[in-house]
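This report is written for a reader who has the sequence and the model at hand. Please keep both in view while reading the sections below.

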Amino acid sequence: MNLSQPQWYSLPAVALTQIFDYLDPVSRRSASSVCFFWRQCLFQKRYFKNFRFQLDVAHDDQLAFFHRSMANLAKELVIVFDFHNAFHIQKIRRLLYKVARCDNIQALRFQTHNVGLVAAGSMHSEHLVAIEQCFVEPLKLFLGRKRQSCQILDLGAIEALTYYGQDFLKAMGKPQELRQLTLASIKYDPSHYPILTLDTTLMQKCAALHVLSLDYDTLSDDLLHTIQVLPLSKFLIVVHGLDSNEEQQAVVSETAWANFAAHFNSIRLVLTLVYAYEAIELLQMRILRRNMPVTDVRLLFCEYMNAEALDWMSVHNSDTLRSIYYIDSAYKHSNNRMDFTRHSFMRQDPFVMMAWRCKQLEEIVVHGYVMDPHNLLGIARLRGRQLKRLEVSMIDWSSATALNAFNEEICTLLDQQWAPISTDKLPPSLDYGPVDYEVCDQFVYELLRQDLRNH
């Protein structure tokens with residue numbers, strides 16, 4: 001052995017920890033690469049405060065690393081898996097039982113590319129047993145901990161899990177410390193599915209809840225009244241189907257929304273329609289209300305441009321509306337233009353009217369609908385620098401002679417670089433070719449997560 005060479009691995013742990021204390025996180029991580037001993041000294045709770053660990057169960061090395069080093073350090077755990085993969089589901093079961101024994105983990109999120117297993121209404125008993133054994137039972141143990149609370153529970157829009165929402169609320173050992181609860185889902189069949197009912201007294205116990213997402217079917221006057229005792233800053237509502245018999249489906253009244261709006265005068269209320277083929281046509285009649293303080297609207301793959309609903313919002317939600325997305329696949333809607341013969345009362349494009357009437361509007365995203373460049377220019381002139389994002393991909397340039405002049409003027413008006421999204425920059429779900437539903441599901445799921453994070 002060459003005694004002139006320093007034996008760095010023999011440095012006392014106490015001294016090494018003091019050195020690490022002087023370093024910033026990036027430098028500390030680099031220094032820990034010196035040797036195995038230094039690496040082990042890195043894994044202390046003092047260096048992993050509020051640490052978020054994302055774990056993909058497809059990678060066994062990540063699973064082993066979590067069980068060995070991170071299980072007692074991470075504060076937030078994001079579990080990425082394939083809901084169609086039986087091997088992943090079995091791994092999830094063992095992982096969740098481990099998580100239930102970790103008092104340091106206070107936030108749990110699921111992420112999956114396949115949000116539905118089978119149609120919830122047709123699940124066989126063996127599927128239900130598998131879901132309950134692999135997810136529900138260990139989750140109840142996790143939520144029921146007495147020494148440490150669960151502050152974030154994100155079920156990842158997985159339909160089969162959201163139906164156990166009430167069971168999860170009942171199981172909570174410290175519901176008063178829950179800060180975020182996401183029970184909204186993406187449906188396997190948006191026209192036929194069971195409806196989750198929530199005991200409003202369970203919601204009352206969530207005294208620290210700031211972010212809540214629910215499917216529209218769960219809403220009622222009583223629920224809206226109950227959650228007024230909560231310190232909500234963001235409320236996300238996802239619409240799928242509507243009962244053809246209006247009397248059989250609970251309708252939230254104008255009075256309930258008026259009381260809600262009076263109590264939450266600065267809430268972020270996000271209304272999202274997902275594959276809502278019937279609901280989109282009845283949006284302004286069955287869902288929207290004059291007193292509904294909606295701030296963000298997402299119309300996703302509904303296969304219909306309801307111009308009357310957009311115009312209705314520009315009139316009745318003009319004080320609150322900040323963001324509007326209309327998104328459909330270009331493959332099915334390459335000729336989707338405003339039909340003014342059907343909407344004879346309208347003289348203007350509804351997006352132009354929104355830009356004029358909605359004084360807080362700062363984001364317009366339109367894909368799958370052909371925009372007239374003169375209307376785009378009108379939107380830019382009306383909103384100016386207040387419009388932080390104007391994103392479109394389908395423009396009818398046949399009526400315009402100077403394409404560059406349009407782009408340059410819009411850039412000047414918005415005070416930012418601007419150009420329509422080119423075909424090669426579109427995500428696969430918005431492509432001009434046939435699109436698989438799972439690709440659309442993934443796009444919707446990412447957008448739902450984005451709305452949870454933003455604002």
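## Contacts and overall make-up

In this predicted model, residues 24 or more positions apart account for 77% of the contacts with a separation of 6 or more. The secondary structure of the protein consists of 17 helices and twelve strands. The protein has 455 residues, and buried residues make up 53% of them.

## Aromatic pairs

How many aromatic pairs does a search of the whole structure find? The search finds 19 aromatic pairs. In the pair of F20 and W38, the ring centres are 6.2 Å apart and the planes stand at 80 degrees; because an angle over 60 degrees counts as edge-to-face, this pair is edge-to-face. F20 belongs to helix α1 (residues 13–22) and W38 to helix α3 (residues 36–42), so the pair ties together parts that are 18 residues apart in sequence. F20 has a relative accessible area of 0% and is buried. W38 is also buried, with a relative accessible area of 10%.

F81 and F110 form an aromatic pair as well, with 6.0 Å from centre to centre and 80 degrees between the planes, an edge-to-face arrangement. Strand β2 (residues 76–81) holds F81 and strand β3 (residues 107–112) holds F110, so this pair ties together parts that are 29 residues apart in sequence. F81 is buried, its relative accessible area being 2%. F110 counts as buried at 0% relative accessibility. Elsewhere, one aromatic cluster is formed by F43, F51, F53, F65 and F66.

## The largest cavity

Rolling a probe the size of a water molecule over the atoms shows where empty space is left. In this model, a search of the whole structure finds three cavities of 30 Å³ or more. The largest cavity has a volume of about 110 Å³.

Which residues line the largest cavity? The lining is made of D154, G156, A157, T182, A184, S213, L236, V238, Y445, L448, R449 and L452. By class, seven of the lining residues are nonpolar, three are polar and two are charged. Strand β7 (234–239) and helix α17 (437–453) each supply at least two residues of this lining. Helix α17 gives the largest share, four residues.

## Cysteines

How many disulfides does a search of the whole structure find? The search finds zero disulfides. C302 has a relative accessibility of 2%, and because a residue under 20% counts as buried, C302 is buried. The relative accessibility of C440 is 6%, so C440 also counts as buried.

Where is K205 placed? K205 lies in the loop between α9 (200–204) and β6 (211–215). Is K205 buried or partly exposed? With a relative accessible area of 48%, K205 is partly exposed, because this class covers the values between the limit for buried, under 20%, and the limit for exposed, over 50%.

When neighbours within four places in sequence are left aside, K205 is in contact with P175 and Q176. K205 and L230 are 25 residues apart in sequence, and their C-alpha atoms are 8.9 Å apart in space.

Notes. Residues are numbered from 1 along each chain as its sequence is written. This is a predicted model: local features need pLDDT of at least 70, side-chain atom pairs count only at pLDDT 80 or more; totals for chains, interfaces and linings use all residues. Side-chain values use heavy atoms; hydrogens and water are left out. A disulfide is a pair of cysteine sulfur atoms within 2.5 Å. Buried means under 20% relative accessible area, exposed over 50%, partly exposed in between (1.4 Å probe, protein chains only). On a 1 Å grid over the protein atoms alone, a cavity is a set of points where a 1.4 Å probe fits but cannot get out, and a pocket is an open set with protein on both sides within 12 Å along at least five of seven lines; lining residues have an atom within 4 Å of a point. Grid points are joined across faces, edges and corners, and a volume is the space filled by probe spheres set on the points. Ala, Val, Leu, Ile, Met, Phe, Trp, Tyr, Cys and Pro count as nonpolar, Asp, Glu, Lys and Arg as charged, and the others, Gly among them, as polar. Contact means heavy atoms within 4.5 Å. Rings of Phe, Tyr and Trp (its six-membered ring) pair if their centres lie within 6.5 Å; planes under 30 degrees apart count as stacked, over 60 as edge-to-face and the rest as tilted.
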